[in-house]
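Student: I have a structure to study and some questions about it. Can we go through them one by one?

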Amino acid sequence: MTDLQGARVLVLGATGGLGAPIVRRLVAAGADVWLSARSSDRLAALADELGSSVLGTTAADLRLPGGPDEVVSAAAEGGPLTGVVLAAGVVAFGDVVDLEDDVLDDLLLLNLIGPIRVVRAVTPHLAEGGFVVQVGAVVAERPMPGMAAYSASKAGLTAFGAAVASELRRRKVRLLDVRPPHTETGLADRPLAGTAPRMKAGLDPDAVAARIVQAVTDGEKVLGSDAFTP
């Protein structure tokens, strides 16, 4: 069990379609949050909404090698962190043969390499009993044609989490790997490339966020796609 009352939680991708609901749920549970995303304007708007529960904000680009270190250094300046939520991500559609190098680089940098760098940077600053939440996707379980590189980036994140979880346990830190089904975050409407295939209506982002925060407080380690209900 993890008590979020007074917890200090860093959230990356904090202004996104799922990141923002997670932030609101964490605050509702009593946590104080440090927010990070690329847009300083959107960070300021979310911070204004949440008031004194926001410890600070850092606008940073996780594609850049120094981005994760910059965020973690700022968030940890006030003391150890209870947890970190990795909710940043991008998607692209289309056959892999048509995928341009810049798009492929951004997919891997934001969905896989950036999170690895964040975990590497933040681990020394996590308090005993702390947690890491990495938000993946159902395609880590069921890779999809037309989304091959995106599927690979999310499957890689799940594989990384499975391995690094053992390393974190030695530090008494828990990793929670989250793989929600399609959720109406708006991400599919702003892909790096291509057009989203026709899909059934996705899950409500707030309901998904509520389930994730519940898993944090309940001490869960895996939320596969079957852990979410419409």
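This is a predicted model: local features need pLDDT of at least 70, side-chain atom pairs count only at pLDDT 80 or more; totals for chains, interfaces and linings use all residues.

Student: How many bridges join β4 to strand β5?

Tutor: The two strands run parallel.

Student: Which residue in β4 stands opposite Val11?

Tutor: Look at strand β1 (residues 8–12), which pairs with β4 in the parallel sense. Their pairing covers 4 bridges. Opposite Val11 stands Val85.

Student: Is strand β4 mostly covered or mostly open?

Tutor: A residue is buried when its relative accessible area is under 20%. In β4 (residues 81–86), 6 of 6 residues are buried. The strand is mostly covered.

Student: Which helix gives the most to the lining of the largest cavity?

Tutor: The structure holds 1 cavity of 30 Å³ or more. The space in the largest cavity is about 50 Å³. Its lining includes Ala148, Ala149 and Tyr150. With 3 residues, the biggest giver is helix α5 (residues 148–169).

Student: How many residues of that cavity lining are charged?

Tutor: Sort the lining of the largest cavity by type. There are 9 nonpolar residues and 2 polar ones. The charged group has 1.

Student: How much space lies in the largest pocket?

Tutor: Its lining has 47 residues, and those closest to the centre are Gly89, Val91, Tyr150, Thr185 and Leu187. They divide into 24 nonpolar, 13 polar and 10 charged. The space in the largest pocket is about 1,200 Å³.

Student: Which residue forms a salt bridge with Arg24?

Tutor: Arg24 is in helix α1 (residues 19–28), and its partner lies 25 residues away in helix α2 (residues 40–50). The closest N and O atoms are 2.7 Å apart. The partner is Glu49.

Student: Asp61 and Arg63 also meet in a salt bridge. Why does Asp61 count as buried?

Tutor: Buried means under 20% relative accessible area. Arg63, at 26%, counts as partly exposed. Asp61 counts as buried because its relative accessible area is 16%.

Student: Which residues are linked with Glu141 in a network of salt bridges?

Tutor: Begin with Arg142, whose salt bridge with Glu141 has its closest N and O atoms 3.8 Å apart. Glu141 itself is partly exposed, at 31%. The residues linked with Glu141 in the network are Arg142, Asp177 and Arg179.

Key
Residues are numbered from 1 along each chain as its sequence is written. Side-chain values use heavy atoms; hydrogens and water are left out. On a 1 Å grid over the protein atoms alone, a cavity is a set of points where a 1.4 Å probe fits but cannot get out, and a pocket is an open set with protein on both sides within 12 Å along at least five of seven lines; lining residues have an atom within 4 Å of a point. Grid points are joined across faces, edges and corners, and a volume is the space filled by probe spheres set on the points. Ala, Val, Leu, Ile, Met, Phe, Trp, Tyr, Cys and Pro count as nonpolar, Asp, Glu, Lys and Arg as charged, and the others, Gly among them, as polar. Buried means under 20% relative accessible area, exposed over 50%, partly exposed in between (1.4 Å probe, protein chains only). Two strands pair if DSSP finds at least two bridges between them. A salt bridge is a side-chain nitrogen of Lys or Arg within 4 Å of a carboxyl oxygen of Asp or Glu.
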